[in-house]
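The following exercises concern a predicted model. Please work through each task before reading its solution.

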Amino acid sequence: MKLVNVPEGKSVRVVSIGGGFGVRNRLAAIGVYPGAVVKVVKSPPGPIIIEVAGSRMAIGKGMAAKIEVEEA
Amino acid sequence: MKKLIKVALVGNPNVGKTAIMNALAGTSEKVGNWPGVTVQKKTGCYSFRGFEVELVDLPGIYSLTSYTIEEKVTRNFLLGGDYDVVADVIDVTLLGRNLYLTLELLEMGIKPVIVLNKMDELEDYGYTIDKNVLEKLLKLPVVEISAVKKKGLDELSETFLMVATGDLKPEGFTPLYSDTLENAISLIEYFFKDVKLSYPKRWFLIKLLEKDPEVTEWAREVLGEKFTGLSKEMERIEEEVLRKFRCDLPSFVAKERFLLASRIATAAVKHVIEFPYESFSDKIDRVVTNPFTGIPIFFFVMWLVFKLTFDLSSPISDLIDNFFSSFLPGIVENYLSFLPQPLKSLINDGVLAGVGAVMVFLPVLGILYLLMSVLEDTGYMARAAALWDNFMKLFGLSGASVIPMILGFGCNVPAIYATRAMRSSVQKLVTMMIIPWMSCSARLTVFSVFTAAFFKEHQSIVMLGLYLLGVFLALGLAAVLTRFLAEGEVDEFFIELPPYKLPAWNVVLNQTFIEIREFVTKAGTVIFAVSVFIWALASLPPGSTYAGEETFVGYLGKLLLPLFAPLGIEDWKPIVALIFGALAKEVVVGTMGALYGSSEEGLGKALQSAFTPESAVAFLVFTLLYIPCVATIAAIKQESGGWRYPLLAVAIQLSVAWVMAFLVFNLLTFL
Ligand SMILES: Nc1nc2c(ncn2[C@@H]2O[C@H](COP(=O)(O)OP(=O)(O)O)[C@@H](O)[C@H]2O)c(=O)[nH]1
């Protein structure tokens, strides 16, 4: 399952992240890394909002489509 | 002589560094640029116990990689060591995530003072922080403050002094990671055993494992031949990590750091009551970032901002304008009538007009800046940026560019300053360069006079077409510019949405005051100088009628005629009007009125004889695009820290304006 398809209010575990390693390194710095649990606060239309490490982060649909997640 | 102590403020975005600068240094803040880049540099000064403390605000960042200019600026400043104390500012409500950066600082061998800001908010979160645990684990001094409530500030300054004078020598904890990572570090350390590095070694090695672009380049330089061996070793390590942890090396390192930071935070947090799930704020977020509801709300908010700004400021601006364009000149005429005419003209049309040109901006700028700070401080700005991000990415921009661009329709000058809220300096630069094509209200006066004279039937369609042309070209230019300027930059692909809250008024007002002062001293001087220069062009040689045929500006207008002939403009007068328009676009109409010797009402007739409908459209297109007004140019210079980008903007816009006007004129004539 991709992050972009997760319904609102659900917590999921990150499996893998696509894109360059710069992107992955920087996402890990805010708590989004393989194995991390994030909660989807809002799903499309519009940006995805996740709750991670106590703060809300808006992520574009394009990026969220590259994040593979599983049931937490 | 007072002893000077230099304190560098480091921290994530939104931790309250600006608020700390305000609380400590008041209005002494100075805004400049980091050398060679367009990243803003803020410094402030204050005295404490006989010492002079200088605060340097480093760009807000989440991690010390080298993917963006902000990160590089911060990192290179920290590596450079030109400071006495590093203050690591932490938003205490997000302790775990903020400690990530702290660990990176410690890896660099820096022993910062930990500043736990927003202590006043902790109560709402239902937990307390055990400062002693944090001090013991990190082996660093920890100070609890609230910048907004001005609590704990003396203790903070005290700690700065003690660290700077060496009375307090923080030991600093060395972050140790899992065996896998530590082994990897030792493995690659082998390649550097005979190499002298000018950077902290452990930091260097960890960054190398993170495949940091800048550090990898440095390693390639120092290792020469041996670099291939290192690459092979790194590949081997990565394979192992990938197999064991399903994670690439750079994310693995970051993850280790993140987990360590979380563990430290968990140890320091006491009495956790169930974290209140902020469902109400989430509900609002779902509405304001959903395009179907969010876009109408966004336009409503922008409309409110416009209405408030222009309704509130225009009476004051009118007063100021009157004061400088009729009241003071009247006094000069009455009481200084013995002065020779050229001198009176210099005072009235040169100096007073120049000062007036600067002053009329103050109400608009002040009110708009205030409203922008409110939008940012309440948290709405981040939501608006998230809402537009996807669409703006199409043109290489980010969602944060939208608000400045829309403000541009009111007036380009505050729009340029509004780009300050943007994090990425490249995006900020590109946005500044395209804002002049957002047709401001001053251009509307030109459009309405012309369209009334030539297209009575289709007035609104022609105007709409002009606005759309501006937006369309602006987005196109953005797409091109980001290609060149954002080379090698990694997009900011997430936007933090801070909790909604009421604005901190003392900070907002203090910042507004600082911005206004900066405008007057930096942009104001440029605007004034250009005003006087244009006055000189229009009144010399002595004895000629103001802006008449025999003045320099009239001469210049005629000289430029061949350039304008292909656009269907055969008269020197509109060209002179355009030169004056560089001062402020609305001046174009007034100048033409004066030159054609008609009132503004009679101007339509005069225009009909000077222009064909085709050349009128070409002239409008040219007016829309040709050059930012001098105040906008000065603002771009102030914000980008030099003449390079404003001049580039002028060059691009003049050429595009000419080409577009040429195309439009010929297309229309052909049809
Ligand atoms: N409650 C509280 N809020 C604060 C404090 N300091 C800053 N803030 C708020 O945190 C937000 C970000 O502050 P700012 O100074 O702009 O952060 P910067 O990005 O680090 O410069 C603003 O909305 C401030 O009002 C504080 O001590 N207490």
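**Exercise 1.** Determine into which domains chain B is divided, and how far apart their C-alpha centres lie.

*Solution.* Begin with the bounds: chain B comprises domain 1, residues 3-165, and domain 2, residues 179-269. Next, take the C-alpha centres of domain 1 of chain B and domain 2 of chain B; they are 27 Å apart. Then count the contact: domain 1 of chain B contributes 25 residues and domain 2 of chain B contributes 22 residues.

**Exercise 2.** Characterise the interface of domain 1 of chain B and domain 2 of chain B by its buried area and its salt bridges.

*Solution.* The buried area is about 2000 Å², with carbon and sulfur atoms giving 67% of that area. The salt-bridge rule finds 5 salt bridges across this interface. A salt bridge joins the side chains of R75(B) and E214(B), with an N to O distance of 3.2 Å; this lies within the 4 Å cut-off. The two domains of chain B also share 8 residue pairs in polar contact, both residues at pLDDT 80 or more. On the side of domain 1 of chain B that touches domain 2 of chain B, α3(B) gives the most, with 8 residues.

**Exercise 3.** State the strand order of the open sheet of 6 strands and identify its edge strands.

*Solution.* The order is β5(A)-β1(A)-β2(A)-β3(A)-β4(A)-β10(B), with antiparallel pairing. From one strand to the next, the twist averages 40°. Finally, β1 (residues 11-17) of chain A pairs with β5(A) over 5 bridges in the antiparallel sense, and R13(A) stands opposite E70(A) in β5(A).

Notes. Residues are numbered from 1 along each chain as its sequence is written. Chains are lettered from A and ligands numbered from 1 in the order in which they are written. This is a predicted model: local features need pLDDT of at least 70, side-chain atom pairs count only at pLDDT 80 or more; totals for chains, interfaces and linings use all residues. Side-chain values use heavy atoms; hydrogens and water are left out. Two strands pair if DSSP finds at least two bridges between them. Helices (H or I, at least four residues) and strands (E, at least two) are DSSP runs, numbered from the N terminus. Axes are lines fitted to C-alpha atoms, for helices over the stretch in contact, and angles run from 0 to 180 degrees between N-to-C directions. Domain bounds come from an automatic or database domain assignment. Contact means heavy atoms within 4.5 Å. Buried area is the accessible area (1.4 Å probe) that two parts lose on being put together, summed over both. A polar contact is a pair of N or O atoms within 3.5 Å; within protein, one must be able to donate a hydrogen and the other to accept it, and residues adjacent in sequence count only if both atoms are side-chain atoms.
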